[in-house]
Amino acid sequence: MTDLSKYRNIGIFAHVDAGKTTTTERILSLTGKIHKIGEVHDGEATTDFMDQERERGITIQSAATSCVWDDHRLNIIDTPGHVDFTIEVYRSLKVLDGGVGVFCGSGGVEPQSETNWRYANESEVARIIFVNKLDRLGADFYRVVKQVKDVLGARPLVMVLPIGTEDEFSGVVDLLSRKAWIWDGSGDPFKYEVQDVPADMVDDVEQYREELIEIALEQDDDAMEKYLDGEEPSIETMQACIRKGTIALDFFPTYCGSAFKNKGVQLVLNAVVDYLPNPTEVKPQPEVDLEGNETGNFAVVDVDKPMRALAFKIMDDRYGALTFLRVYSGKLEKGSTVLNTFTGKTERIGRIVEMHADSREELESAQAGDIIAVLGMKNVQTGHTLCDQNNPATLEPMVFPEPVISMAVAPKDKGGSEKMGVALSKMVAEDPSFHVETDIDSGETILKGMGELHLDIKIDILRRTHSVEVVVGKPQVAYRETITQRTEDSYTHKKQSGGSGQFGKIDYVIEPGEAGTGWIFESKVTGGNVPREFWPAVEKGFKSMLDTGVLAGYPCVDISVTLQDGGFHAVDSSAIAFELAARGGFRQTMPKAGPQIMEPIMKVDVFTPEDHVGDVIGDLNRRRGMIKSQEPGVTGTRVKGDVPLAEMFGYIGDLRTMTSGRGQFSMEFSHYMPCPNNVAEQVIKEAKERQEKK
């Protein structure tokens, strides 16, 4: 039986270009898992195995791999940095016990770092920090540490100090042991010497070591008392305190180096083993009932407990559909039968494999704490729980954001229609933030996603991976509709012409709801004018109309309906009559209630060289942007603001032109806001034109 105390399930996450994948490559090389290091810029990184990843030099989907360091088994997930693929980070953090947050030494805490950090906080994942790329121009370890405090509101625990910066960066000083690790210039990670601290750094090392001791010993009152009495704590005592504080999320051990130049990665690996929790040291997963309410039971990480596993990723490859599972408790054996609590059906475990990016090793069984993949699952989707069929339970499911952008696609030739349908259904299973719908009126296939790049990659996968040639329409914004006025109204549905008829009368109030509430229905009928058994029919009738607003046919949000009174007929009233009355009431009242188009607003973060700040701000203002802040840095300025998604199509091209190719930006959905009148009129006009074409 495997010793769980020697397991570390970790994720590596960061902003685009901070060096996550390069760091993963160095870890795999140091642990002997790979013998030739693949570089991202050459398109040869082990965990970037999709064609699209290799060409663009970005990570698109999280890749799982495992290796051994210091007799400990590390299950590692390399996650994407681009905001359009944040979903991959979110679902990876959900099943991990610890993480390594990688920050660029010159870029510092960038937009996506903030989002990922927030997700990690929500998932209560213990982390260590690795400030990478200290060999780059403008790199400053101390500035990044300050940003971690100021921007992320986190408490970094500085464990090493850099020796030299930029071109002069040669190694690090380990504060605990007061030893300098210095690498030669060959780029070989094993060619280093452990020496005494350079003379010009002794004072800094003592100052930072004192801070380290004081913060760490807050975890142990006895050791703190002895320290205050002048007794120096042992390194073992300090490590125990640091481990305790890291797991409690009180602070985050912070390291630095250059993964590309192979400097400093060993200390990060040692920290993963020394300070990040094993599967038994994290809070056990709560179990929920079918309605999503916590039952008070937990999936305790224990091989002898009933089996509980969460499917966190589906991936289709040349061998068939792979379902990635995190086993939380019990044991999973090849050939056994498990229950999917979401579908209520059983699934047979065919083959169990341990993944190394896109290659695999067969296993006979897996146990609590393992991250593995299973082949041959029929009806399992992301977020489903697999469990012992004699002892069923559901783990807390994952919640995914709604898409904000859509585009129409059609196969180039009629024969490609079925092929496209099969390909899209596989892609939807793999990515819960990617939706596919068919427009009822036009029959068009609509793809919905998190951003332009997200949909661009999906089209590329359709063409190359699935060999489906498609014609693509221009991207569409996911507008919403709401109302601005409280309106009381009454509607009677009457159809009485011999035989059994239909009758339902409702008096109701439609009014704007709180932002983000979506849809609320309540009944205040007293005295039985609308019998209680018909209330759900009234709610169903109103709810069924929310998908198509009265202005431009977009879904309606933040609307509250209160049923106040009505009337019924002893013979002719039925649930369907009241449902039809509610539908008619919706159509009648919505135009009177001040309907309004709402547009998605994006949180935009632009990095620009100092001399182009004015151009960037002027351009964002022209795009109806609201500038929130400007943060000057060493290599440029970050401009943050809220901008309507409709104005951001093709922005990367304009930004590069404005900044001579040096600008970068990222954006993520923030909230919905009412459209200005002129924009709303244009949206309604375009919607009517589409209707007429159909």
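The paragraphs below treat a sheet, the helices lying across it, and a separate helix pair.

This is a predicted model, in which local features need pLDDT of at least 70 and side-chain atom pairs count only at pLDDT 80 or more, while totals for chains, interfaces and linings use all residues. Residues are numbered from 1 along each chain as its sequence is written, and side-chain values use heavy atoms, with hydrogens and water left out.

An open sheet is built from four strands in the order β31-β32-β34-β33, with mixed pairing. Helices (H or I, at least four residues) and strands (E, at least two) are DSSP runs numbered from the N terminus, and two strands pair if DSSP finds at least two bridges between them. β31 (487-495) and β33 (519-523) are at the edges with a single partner strand each, so one side of each has no neighbour in the sheet. On average, neighbouring strands are turned by 25° against each other, direction ignored. Strands β32 (residues 502-512) and β34 (residues 559-567) run antiparallel and are joined by eight bridges; D507 has D565 in β34 as its bridge partner.

Helix α12 (residues 535-544) lies across β32, β33 and β34, at about 155° to β33. Helix α13 (residues 575-589) lies across β31, β32 and β34, at about 40° to β32. Axes are lines fitted to C-alpha atoms, for helices over the stretch in contact (heavy atoms within 4.5 Å), and angles run from 0 to 180 degrees between N-to-C directions.

Helix α10 (residues 416-430) packs against helix α11 (residues 452-464) at an angle of about 130°, with the axes 11 Å apart. M420, A423, L424 and M427 in α10 meet K458, I461 and L462 in α11.
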